[in-house]
Amino acid sequence: MDQNELKKAVAKAAADYVNQRLDDHTVIGVGTGSTANYFIDYLAEFGDDIRATVASSEETARRLKAHNIEVMDLNAAPEVTIYVDGADEANKYLHLIKGGGGALTREKIIAAVAKEFVCIADGSKLVDVLGTFPLPVEVIPMARSHVGRQIVKLGGDPVYREGFVTDNGNIIIDIHHMDIMEPRKLEEQLNQITGVVTNGLFAVRPADKLILGTKEGIRTLTAN
Ligand code: 5RP
C-alpha cells in the first residue's frame with residue numbers, strides 16, 4: 001500500500017468509528033488536509049444520518065457542502081461531539097504537529113471545544129521526537145520580524161511561508177531544525193510571543209485517540 005492508500009484506510013476506520021456514535025445531537029468537527037478529505041468522502045456515504053459538522057477551514061467547508069453535508073458556525077453548535085483530523089507528526093503521547101496546510105488556528109479551536117479528538121494519519125507520521133516536520137506558527141502580519149527574532153532566541157530557524165495567507169488573513173512562519181523535547185512547554189512559550197495567534201503544537205490539548213494506517217493494518221493508540 002502506498003501512503004495515499006494508508007490515508008484512505010485510516011479515514012475509513014475513522015468514519016466507521018464516527019458512524020457508531022451518530023445520533024440526532026452529534027456534531028462532527030472536520031479537519032483539513034488530504035487525510036481529512038478522504039474522511040469527508042466516507043462521511044458523505046452516511047447521508048442524512050449526519051446532522052451537522054463544523055469545518056476547520058474554508059476548503060473543508062467547501063468540500064463538505066459539495067457533498068450536501070450541513071456545515072454550521074462553531075458559535076451556533078451546542079457541542080462538538082467528535083473531531084477528526086490529520087497531523088504532520090505525532091508522538092506516543094498523542095502530542096501533534098499540525099498546520100502543514102495552514103489551518104492550525106481553526107483546528108486548535110475545534111480541538112479545544114471537542115469532547116473527543118481523533119487524529120488520523122498514515123504510520124509514517126509517528127515519530128519519537130517532534131520537530132523534523134517544520135512547526136507552523138500563525139502570526140499577525142505586522143509582527144513577522146519580531147516573532148522571527150523571538151523564535152531564534154528559542155533556538156529555532158524561522159522561515160516565512162512565502163505567498164501564503166491563512167483563512168484568518170494572517171501569515172505563517174515555519175520553524176525548522178528544532179528537536180521538540182518538551183512540546184507542552186514550547187507550545188506555551190510560542191503562544192506568549194506578542195503577535196503569535198497560535199502555533200501548530202497540540203500538546204496542551206493532545207489527541208484522545210490516534211488511528212494509524214500501517215502496512216500491517218490499522219493501529220490505534222489512546223491517551224492514558
Ligand atoms: C492542516 C493539517 C493537516 O492535518 C496536516 O497537514 C496533515 O495533512 P495530510 O493529511 O494532507 O497529510 O494540520 O493544517
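This is a predicted model: local features need pLDDT of at least 70, side-chain atom pairs count only at pLDDT 80 or more; totals for chains, interfaces and linings use all residues.
**View 1. Pro134 sits in a loop between two strands.** The loop joins strand 6 (116-122) and strand 7 (135-139). Pro134 counts as buried because its relative accessibility is 19%, and the cut-off for buried is under 20%. Beyond its neighbours within four places in sequence, Pro134 is in contact with Ile97, Asp174, Ile175 and His176. Take Ile175: 41 residues separate it from Pro134 in sequence. In space, the two lie 5.1 Å apart, C-alpha to C-alpha.

**View 2. The largest pocket holds about 320 Å³ of space.** Its lining is made up of 23 residues. Nearest the centre of this pocket lie Thr32, Gly33, Gly100, Gly101 and Glu107. Helix 2 (34-43) and helix 3 (58-66) each give at least two residues to the lining. Helix 3 supplies the largest share, 3 residues. Sorted by class, the lining of the largest pocket has 10 polar, 9 charged and 4 nonpolar residues.

**View 3. The second largest pocket holds about 230 Å³ of space.** It is lined by 14 residues. Closest to its centre are Ala55, Asp73, Leu74, Arg106 and Ile110. Strand 2 (52-55), helix 3 and helix 4 (104-113) each contribute two or more residues to this lining. By class, the lining of the second largest pocket divides into 8 nonpolar, 4 charged and 2 polar residues.

Technical notes: Residues are numbered from 1 along each chain as its sequence is written. Side-chain values use heavy atoms; hydrogens and water are left out. Helices (H or I, at least four residues) and strands (E, at least two) are DSSP runs, numbered from the N terminus. Buried means under 20% relative accessible area, exposed over 50%, partly exposed in between (1.4 Å probe, protein chains only). Contact means heavy atoms within 4.5 Å. On a 1 Å grid over the protein atoms alone, a cavity is a set of points where a 1.4 Å probe fits but cannot get out, and a pocket is an open set with protein on both sides within 12 Å along at least five of seven lines; lining residues have an atom within 4 Å of a point. Grid points are joined across faces, edges and corners, and a volume is the space filled by probe spheres set on the points. Ala, Val, Leu, Ile, Met, Phe, Trp, Tyr, Cys and Pro count as nonpolar, Asp, Glu, Lys and Arg as charged, and the others, Gly among them, as polar.
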